Amino acid sequence: MANPDTSTDPSLLKDDDASRRDVILIGAGGFAAIGGAAMLWPLLDQMNPDASTLSLASTDVDLAPIEEGQAITVMWRGKPIFIRHRTAKEVEEATGVKVDDLIDPLARNANLPDDAPATDDNRAAPEREPWLVMIGICTHLGCIPQGQAPGQYKGDYGGWFCPCHGSQYDTAGRVRVGPAPQNMYIPPYTFTSDTKITIG
Amino acid sequence: MAHPSTYKPSTGIERWFDSRLPLPRMMHDQFMVFPTPRNLNYWWTFGGILSFMLAVQIVTGIVLAMHYVPTPEGAFDSVEKIMRDVNWGWLLRYAHAVGASMFFLAAYVHTFRGLIYGSYKAPREILWILGVLILLLMIATAFMGYSLVWGQMSFWAVTVITNLFSSLDTLIPGLGTTLVQWIWGGFSVGARTLNRLFALHYLFPFIIAGVVILHIWALHIPGNNNPTGVDVKTPKDTVPFHPYYTIKDGFALVMFLILFGVLLFYAPNFLGHADNYIEANPLQTPPHIVPEWYFLPFYAILRAIPDKLLGVIGLIGGIGVLFFVPWLDTSRVRSTSYRPIYKWFFWLFVIDCVALGYLGSQAPEGWYLFFGRLGTFYYFAFFLIIMPIVGLIERPKKLPGSITQSVLGPESK
């Protein structure tokens with residue numbers, strides 16, 4: 001028994017031998033896994049928005065030519081932005097709604113805290129109620145709601161109507177008839193002068 | 001049936017080759033003398049048809065890729081250029097587009113054949129699971145291919161379907177948005193999106209071809225199922241694959257190609273949507289987004305469920321549930337022909353799938369929505385409730401003693 005066969009009888013292995021080999025085995029496997037993950041990440045991350053896409057951060061819009069009751073659509077980050085100069089009647093209709101009656105009680109306004117309620121004040125431009133600026137994308141599956149051009153059907157709430165699955169939005173862009181789960185989003189924007197805004 | 005090799009190399013060259021790379025031996029054993037049940041009907045010819053269609057799509061696809069430009073400015077025009085200027089471009093483009101429809105037609109017939117005759121039951125579960133995987137890959141590939149035309153339907157189909165993933169925001173805020181922007185490569189469907197869809201539309205068919213090889217391999221271990229569902233017992237129950245089934249499959253393929261040819265040459269746009277001849281416009285959504293016909297039943301399920309996330313789960317679950325069919329069906333009898341109760345539910349399920357297809361093409365309002373919900377309920381009830389329960393309570397009809405008896409009558413041995 002000068003040279004016992006440790007490969008068939010584990011009880012003959014000295015404890016410290018076993019643990020030292022395990023460390024090498026686990027260590028080698030662990031480093032291989034880390035190396036693999038480090039190589040996998042660039043292969044996945046290359047699909048995220050690239051530098052030129054991220055650089056398209058902001059858009060300036062001149063509001064001066066938009067008469068009351070008119071609406072325009074501009075592009076920001078490839079998305080349509082609805083800008084509507086609302087009539088007094090439209091503002092009044094939007095103000096008269098109780099937040100409890102809404103499908104989505106949150107303002108969805110990137111310029112306000114996430115939990116701001118969906119009052120008309122929180123949806124419209126600050127201190128400039130007639131102006132409504134929002135991302136013109138139905139929150140259901142991403143279609144563009146109708147209601148910007150004159151003569152288009154605006155739905156039962158006088159705002160926007162999505163032709164894809166029949167969602168309806170009111171004059172503050174809040175969803176009133178599903179299947180859309182949320183109000184249309186308000187992008188981050190600021191008034192740089194009385195008649196100019198910067199989106200983004 | 002994994003059968004012993006009968007290959008006998010007869011020349012010196014064959015012996016030399018066989019001892020180094022036995023490829024001729026494999027072809028001989030698996031595709032010439034392979035023992036195949038003698039009672040297969042014409043529903044068994046669709047596997048061959050599907051292999052052919054995969055080849056058609058890969059060959060026409062590679063040649064179209066030589067002329068197609070995957071940019072928002074170039075895509076739509078390059079497809080029109082293929083139609084007008086490229087030699088035979090109109091034929092190749094229509095063959096690829098109609099080919100996708102024919103591919104799905106054959107795939108659905110093939111899948112229903114498997115469901116009718118219990119081809120998913122032991123010992124063919126892995127064969128079935130690989131088949132469902134191929135179906136999923138086909139759906140992804142066809143979806144990406146449709147987007148490449150960059151017409152109105154292309155653009156808005158991509159927008160709507162990728163937006164499905166944004167529903168994950170309901171579970172973990174931000175997860176869905178992050179995932180969708182990763183798919184898009186931006187903040188909206190655009191140039192980056194089109195470019196990567198092109199790359200992946202090229203890649204996926206080769207993954208499909210790889211899984212098809214595994215699928216055929218998994219078929220050749222247990223051997224073919226047959227319309228009785230009774231196992232092969234003696235060599236008398238089988239005939240060699242070649243020439244008996246190569247000729248039969250070839251004949252069925254010719255019949256299938258006649259249908260393909262009629263659509264291709266006389267009604268190439270019959271199955272497509274006219275709006276895809278309008279160039280993509282990110283500012284205007286067509287009034288009705290209607291997917292290609294082969295997606296309609298799943299689209300109907302999506303819209304029948306009023307919740308965004310649950311709708312997406314329903315859409316994916318509509319295919320995902322197929323993975324579990326081998327374990328949901330509790331009956332010990334394979335073929336529906338010998339299952340007197342189950343067969344009624346089965347044919348109602350077939351009608352349900354066709355009805356969901358029709359409902360998917362209509363606006364989700366009023367009665368259409370009501371029947372869409374009813375159809376969706378039955379679709380899942382069939383798999384999750386009816387399959388397990390009927391299998392347990394049903395008394396099956398008497399099975400024939402052997403495949404040969406089912407063909408030649410009970411007196412034959």
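This is a predicted model: local features need pLDDT of at least 70, side-chain atom pairs count only at pLDDT 80 or more; totals for chains, interfaces and linings use all residues.
Helices, in the sense used here, are DSSP runs of H or I that are at least four residues long, and strands are DSSP runs of E of at least two.

**Stop 1**

Select residues 23-44 of chain A. The chain is 100% helix and 0% strand over this stretch, and its end C-alpha atoms lie 31 Å apart. An unreviewed UniProt entry places the feature "transmembrane region" at these residues, 23-44 of chain A.

**Stop 2: the sheet β1-β9-β8 of chain A**

Display chain A as a cartoon and pick out the strands β1, β9 and β8. In that order, these 3 strands form an open sheet with antiparallel pairing. Its edge strands are β1 (59-62) and β8 (189-193) of chain A, each of which pairs on one side only. From one strand to the next, the twist averages 30°.

**Stop 3**

Move to another open sheet of chain A, in which 3 strands follow the order β2-β3-β4 and pair in antiparallel fashion. Here β2 (71-76) and β4 (131-135) of chain A are the edge strands, each pairing on one side only. The twist in this case averages 20° from one strand to the next.

Select β2(A) with β3 (residues 79-85) of chain A, two antiparallel strands joined by 6 bridges. A:W76 has A:K79 in β3(A) as its bridge partner.

**Stop 4: two backbone exceptions in chain A**

Most residues other than glycine have a negative phi. Which value does phi take at A:R77? It is near 55°, a positive value in a residue other than glycine. A:R77 sits in the loop between β2 and β3 of chain A, and A:R77 counts as partly exposed because its relative accessibility is 29%.

Then select A:R108, where phi is also positive, near 55°, in a residue other than glycine. This residue belongs to the loop between α3 (88-95) and α4 (120-123) of chain A. With 23% relative accessibility, A:R108 is likewise classed as partly exposed.

**Stop 5: cis peptide bonds in chain B**

Turn to chain B, whose mean pLDDT is 93, with 99% of its residues at 70 or more. Most peptide bonds are trans. Where does the cis bond from B:A122 to B:P123 place B:P123? B:P123 is in the loop between α5 (89-116) and α6 (125-148) of chain B, and omega of the bond is near 5°.

A further cis peptide bond runs from B:H242 to B:P243, with omega near 10°. B:P243 is part of a helix, α10 (residues 241-266) of chain B.

**Stop 6: the largest nonpolar core**

Finally, show side chains in both chains. The largest nonpolar core has 129 residues, and those that touch the most other members are A:I83, A:I197, B:F104, B:Y379, B:F382, B:F383 and B:M387. Centre the view on B:F383. Leaving aside residues up to four places away in sequence, B:F383 touches B:V321, B:L322, B:V325, B:L328, B:F349 and B:P388.

For the assembly as a whole, the predictor gives an ipTM of 0.82 and a pTM of 0.90.

Methods
Residues are numbered from 1 along each chain as its sequence is written. Chains are lettered from A and ligands numbered from 1 in the order in which they are written. Side-chain values use heavy atoms; hydrogens and water are left out. pLDDT is the predictor's confidence in each residue, from 0 to 100. A nonpolar core is a set of buried Ala, Val, Leu, Ile, Met, Phe, Trp, Tyr and Cys residues joined through side-chain atoms within 4.5 Å. Buried means under 20% relative accessible area, exposed over 50%, partly exposed in between (1.4 Å probe, protein chains only). Contact means heavy atoms within 4.5 Å. UniProt positions are given in the numbering used here, feature names are shortened, and annotations may be inferred rather than shown by experiment. Two strands pair if DSSP finds at least two bridges between them. Axes are lines fitted to C-alpha atoms, for helices over the stretch in contact, and angles run from 0 to 180 degrees between N-to-C directions.
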